[in-house]
Amino acid sequence: MTGHLSLVSVGPGDFALVPERARQALREADVIVAYDLYLRWVQPLITTQEVLTPPLTQEKYRAELAIRKAAEGKRVALVSSGDIGVYAMAGLVFEDLPDDPSFGVEVIPGITSATACASLLGSPLTHDFATLSLSDLLCPWEWIANRASHIAQADLACVLYNVQSKSRRDGVYRVVRLMLEHKRPDTVCGVVRNAYREDQDVRVTTLEALLHDEFDMLTTIVIGNRFTTRTGRRPGKEWMYTPRGYNDWQPGRGEPAVTSTPDGTIWVFSGTRDGNALALQLAESGESVTLSVASDLGAQVAPQHPGLHLYSGPSGVEARRRALRGARAVVDATHPYAQAITRQLQDLSAELGLPYFRYERPSSLPAETHGMILVDTFAQAAQAAAAYGRVFLATGSKDLEGFLHAAPEAECYVRLTPQPDVLRRAQELGVPAQRICAMIGPFSREFNVAQWAAWQIGAVVTKESGTEGGFPAKVAAARELGIPLIVVRRPPAVPGAFHTSAAVLRALRGPLKEHA
């Protein structure tokens with residue numbers, strides 16, 4: 001054998017991370033075959049070698065070219081970023097390699113995108129994990145979705161490759177929604193762009209917040225499991241890690257305890273003042289009701305009644321499926337903007353054959369919208385707010401991280417529920433304590449005027465949360481102060497939704513008699 005083919009991995013893009021064995025193969029090569037971008041990372045090793053750089057879409061030709069040159073007796077280095085055996089060129093080479101090649105072949109491993117990004121985030125892959133490419137060019141979307149669903153059901157940490165391109169915008173959000181069916185919304189995640197290259201960007205976020213983010217093909221996403229934890233408090237110096245569990249792998253760890261509830265109850269999913277009132281009305285009418293609460297604060301403010309039972313168990317779809325098997329009906333009284341949980345409850349109700357009723361508080365958007373800037377997304381709200389300096393964010397904690405990421409130059413003031421983890425998270429994101437108000441609303445026009453004037457707010461960002469959410473008071477206060485109110489429009493209402501508690505009660509009677 002005179003020829004030799006080295007399948008060379010050059011890592012994430014930092015020359016210092018190129019393995020010594022890869023450097024040796026490049027120095028000794030007669031011919032280097034590569035996509036030209038990868039050669040920028042190893043330029044100091046290129047001297048007199050013949051360099052062949054077929055473009056990005058000609059991967060198969062690159063593999064064939066490398067094999068042909070090696071068969072001619074040349075020492076060939078076929079180069080790939082990351083590890084050449086992971087979503088890369090090695091597979092194409094072995095597809096076309098003769099059973100008994102006339103030249104030597106070696107595969108030189110390298111640092112994958114998954115492990116490179118994990119190192120920048122901390123240690124999120126310490127336990128079992130999966131990798132999933134979201135590109136449907138070589139794999140049908142149905143396969144991608146099926147794999148994503150099983151990864152989520154297994155509660156594996158996961159690394160997403162090929163996250164988003166100009167022609168493929170929605171796939172990542174569809175995958176995140178599939179993950180949300182089985183993982184908690186606050187599952188810790190990491191987003192890394194250009195790992196170990198120029199313009200590197202690293203941040204820790206949550207699974208739910210990914211729905212409001214923007215990505216590209218240079219981005220890798222790491223999704224944790226139920227045990228994955230954040231650590232580090234300084235902005236830009238936050239880490240995430242998944243414990244190995246050597247001495248602390250407890251089956252119940254990471255999930256709140258389940259509160260037992262009787263069979264045959266009407267399940268009300270709330271989290272809003274009017275949803276809680278609806279649950280209480282049902283109980284007072286003689287129905288047995290289970291009210292699902294998502295936090296300790298939710299349990300504290302929940303109404304009390306002998307016929308009303310609280311459920312504070314796990315929030316994943318599998319836990320809800322088990323809990324709802326003894327239900328009589330589902331009343332979805334969640335927030336108008338909580339689309340993910342609404343879709344989940346609709347699907348579970350259909351699967352289990354349960355009557356489903358959607359209560360949605362009526363809109364209070366006035367016919368005259370002067371002084372308002374109406375937008376469709378939180379990203380658009382952040383863009384609009386950036387011009388006003390001091391911005392008051394009245395949308396709650398779930399949208400805070402996405403807003404700060406989209407409008408980093410804004411001086412953001414927030415009003416949040418008084419939950420220790422929510423307040424701690426706001427400070428971890430870089431919001432100073434003096435810009436945080438911890439109170440439970442809704443708030444009056446007078447209170448809003450006093451607070452916004454004292455803080456010298458230039459614009460207010462809010463959801464169209466209805467009268468129960470204090471929206472008319474925000475409109476009145478903003479107009480009195482002469483500052484713009486940036487309003488994120490509601491998602492489309494669920495077909496057949498009810499807008500009064502009386503209508504829900506009337507609608508419930510027939511199906512409940514049938515199921516009695």
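Me: Is Thr-334 buried or exposed?
Reply: This is a predicted model, in which local features need pLDDT of at least 70 and side-chain atom pairs count only at pLDDT 80 or more, while totals for chains, interfaces and linings use all residues. Residues are numbered from 1 along each chain as its sequence is written, and side-chain values use heavy atoms, without hydrogens and water. Buried means under 20% relative accessible area, exposed over 50%, and partly exposed in between (1.4 Å probe, protein chains only). Thr-334 has a relative accessible area of 9%, so Thr-334 is buried.

Me: Where is Thr-334 found?
Reply: Helices (H or I, at least four residues) and strands (E, at least two) are DSSP runs, numbered from the N terminus. Thr-334 is in a loop, and this loop lies between strand S17 (329–332) and H11.

Me: Which residues does Thr-334 touch, not counting residues up to four places away in sequence?
Reply: Contact means heavy atoms within 4.5 Å. With residues up to four places away in sequence left out, Thr-334 touches Phe-269, Ser-270, Ile-341, Thr-342, Arg-358 and Tyr-359.

Me: How are helices H10 and H11 placed relative to each other?
Reply: Helix H10 covers residues 317–324 and helix H11 residues 339–352, and their axes (lines fitted to C-alpha atoms over the stretch in contact) are 11 Å apart. The angle at which H10 and H11 pack is about 45°. Angles under 35 degrees count as roughly parallel, over 145 as roughly antiparallel, 65 to 115 as roughly perpendicular and the rest as oblique, and angles run from 0 to 180 degrees between N-to-C directions. H10 and H11 are therefore oblique.

Me: Which residues of H11 take part in the contact with H10?
Reply: On the H10 side, the contact is made by Val-317, Arg-320, Arg-321 and Leu-324. On the H11 side are Ile-341, Gln-344, Leu-345, Leu-348, Glu-351 and Leu-352.

Me: What covers the buried residues of H10?
Reply: The buried residues of H10 are Val-317, Ala-319, Arg-320, Arg-321 and Leu-324. What covers these residues includes strand S14 (266–269), strand S16 (308–311), S17 and H11.

Me: What is the relative accessible area of Val-51?
Reply: Val-51 is found in strand S3, which runs over residues 50–52. Leaving aside neighbours within four places in sequence, Val-51 is in contact with Ile-32, Leu-39 and Ile-46. Val-51 counts as partly exposed because its relative accessible area is 35%.
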